[in-house]
Amino acid sequence: RDFRTMRFLLSAPKLSALPPADRCEIAFAGRSNAGKSSALNALCEQGNLARTSKTPGRTQAINFFDNDRLRFADLPGYGFARVPPAIKAEWGALIEGYLAERETLAGIVLIMDARRPLLDFDRQLIEWGSAYGLAFHLMLTKADKLSRNEQHNVLRRTRAAVEGATAQLFSSTKRIGIEEARAAISALVPD
Ligand code: GTP
Ligand code: MG
């Protein structure tokens, strides 16, 4: 539950470069620019743990962070239109290979921009991951961009649309939902 001890481990540009599967892992997935790296930094109370960027598609490898009990995997964002098809296929293979075959993967934190939740790729990932028996926690981030009323509505709609997953509002910049996220992520981890 205390993620402040998380440290950068390595960056894996291909499946053969993954770290040994020696501890429980939680993957952070979502569209490019949704705010995955920012969320990781906020949860770990470290400004520069995961690299964030205004340029979508910045994280092109799986970046791993861990402490002695738990490991986070920051997945490359999907859905970035300007990426050449060959590179897109490579990313897809990396993400899919990791999610399908990682025995120590306990769950997926799906980060979505609260203004555009549950787009095609998000839905596909939930469907596909659920078929593999993976648990999901949905984080509607950049909630600071919405009014109270809009926040309430998007959370209600998201919860209604996805059965069997937990969901919450989040903001890295305004620090909304940080403790809630820590608790929900910890709940994905088996004792
Ligand atoms: P990729 O690595 O390219 O897949 O992106 P990412 O999902 O890791 O996004 P990243 O954390 O780099 O954030 C993308 C942009 O959104 C940056 O300009 C962030 O400053 C901004 N951002 C992230 N989280 C928030 C938030 O909660 N609120 C607001 N207003 N902006 C945010
Ligand atoms: Mg990133």
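A nonpolar core is a set of buried Ala, Val, Leu, Ile, Met, Phe, Trp, Tyr and Cys residues joined through C-beta atoms within 7 Å; the views below are taken from a predicted model.

**View 1. The largest nonpolar core and the residues that touch the most other members.** This core holds 43 residues, and those in contact with the most other members are Phe28, Leu40, Leu110, Met139 and Leu140. Strand S5, which spans residues 105–113, gives the most to the core, contributing six residues.

**View 2. The surroundings of Met139.** When neighbours within four places in sequence are left aside, Met139 is in contact with Ala39, with Val109, Leu110 and Ile111, and with Gln168, Phe170 and Ala181.

**View 3. Glu45, a residue with positive phi.** Most residues other than glycine have a negative phi. The phi of Glu45, however, is near 55°, and this residue is placed in the loop between helix H1 (36–44) and strand S3 (62–66). Glu45 counts as partly exposed because 13 C-beta neighbours lie inside 10 Å.

**View 4. Arg175, a non-glycine residue with positive phi.** Arg175 has a phi of about 55° and is found in the loop that lies between strand S7 (166–169) and helix H5 (178–188). Because Arg175 has 11 C-beta neighbours inside 10 Å, and a residue with 12 or fewer is exposed, Arg175 counts as exposed.

**View 5. Ala131 in helix H3, shown with Ala100.** Ala131 belongs to helix H3, residues 120–131, and is exposed, since 9 other C-beta atoms lie within 10 Å. Between Ala131 and Ala100 the C-alpha to C-alpha distance is 9.9 Å, although the two are 31 residues apart in sequence.

Definitions and conventions:
Residues numbered from 1 in each chain as written. Chains lettered and ligands numbered in written order. Predicted model: local features only at pLDDT ≥ 70, side-chain atom pairs only at ≥ 80, totals over all residues. Buried ≥ 20, exposed ≤ 12 C-beta atoms within 10 Å, placed from the backbone. Helix = DSSP H or I, 4+ residues; strand = E, 2+ residues; numbered from the N terminus. Contact = placed C-beta atoms within 7 Å.
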